[in-house]
Amino acid sequence: MSPPIVAKLNFVSAEETIVEVEFSPDDSVASYDLCYKIYQQTWDQQKVKLIGKDLLKDGKVLVAIEELEPGTTYCFRLVAKDADGTKGEPGPDLIIDTEAISCTPKTRRCVIL
C-alpha cells in the first residue's frame, strides 16, 4: 500500500498568538500531523498537532494553533498517515505571519478641558 497523499492547507485567519488553517481531508487517510515551526528553524525543531478521525468530518477541517509568538513568521505543513501509521510525503509549506502586539488604546476618547 502506498503512503497517503496529503491535503493542501488553506489560510483562514491569524491573530497575535493564534493561527487558523483548514483543509479538505481524504477518506483514505486515517489521521494527519499538522507540523509547524518558526520560519527560520529547521523541520527538526518542528511542533506537531495530531488531527485524528474525530476532527475529520463535514468536508473541511478547521484547526486552530494556539500559543504562538506575536509578530513571528511561521511555516505550516500537513503529513498524512494511513491506518498503519505510515506517513506520506509532507504537503506544501504555508507561510503565515502572526499579528504584532498593538500598543494603541482599545477605546478612543476625546477630552476637552
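How many helices and how many strands does the secondary structure of the chain come to?

Reply: Happy to walk through it with you. This is a predicted model, in which local features need pLDDT of at least 70 and side-chain atom pairs count only at pLDDT 80 or more, while totals for chains, interfaces and linings use all residues. Residues are numbered from 1 along each chain as its sequence is written, and side-chain values use heavy atoms, leaving out hydrogens and water.

To your opening question: the chain has zero helices and seven strands. Helices (H or I, at least four residues) and strands (E, at least two) are DSSP runs, numbered from the N terminus. Along the sequence the pattern reads β-β-β-β-β-β-β.

S1 and strand S2 (residues 19-23) run antiparallel and are joined by four bridges, and Asn 10 has Glu 22 in S2 as its bridge partner.

The other sheet has four strands, ordered S4-S3-S6-S7 and paired antiparallel. Strand S4 (47-51) and strand S7 (94-97) are its edge strands, each pairing on one side only. Four bridges hold S6 to S7, and Phe 76 has Leu 94 in S7 as its bridge partner.

Now to the core itself. A nonpolar core is a set of buried Ala, Val, Leu, Ile, Met, Phe, Trp, Tyr and Cys residues joined through side-chain atoms within 4.5 Å. Buried means under 20% relative accessible area, exposed over 50%, and partly exposed in between (1.4 Å probe, protein chains only). The largest core has 22 residues, and Val 21, Phe 23, Tyr 32, Leu 34, Phe 76 and Leu 78 have the most contacts inside it. S2, strand S3 (31-38), S5, S6 and S7 each give two or more residues to this core, with S6 giving the most, four residues. In soluble globular proteins, nonpolar side chains tend to be buried together.

Beyond its neighbours within four places in sequence, Val 21 is in contact (heavy atoms within 4.5 Å) with residues including Val 12, Leu 34, Val 63, Leu 94 and Ile 96. Over the whole chain, 66% of contacts between residues at least 6 apart in sequence join residues at least 24 apart.

Two other residues are worth a look. Ala 64, in strand S5, counts as partly exposed because its relative accessibility is 23%. Apart from neighbours within four places, Ala 64 touches Ile 18, Val 19, Glu 20 and Lys 49. Thr 72 lies in the loop between S5 and strand S6 (73-81), and counts as buried because its relative accessibility is 16%. Its contacts beyond four places in sequence are Ile 38, Ile 96, Asp 97 and Thr 98. Overall, 35% of the 113 residues count as buried.

Definitions and conventions: Two strands pair if DSSP finds at least two bridges between them.
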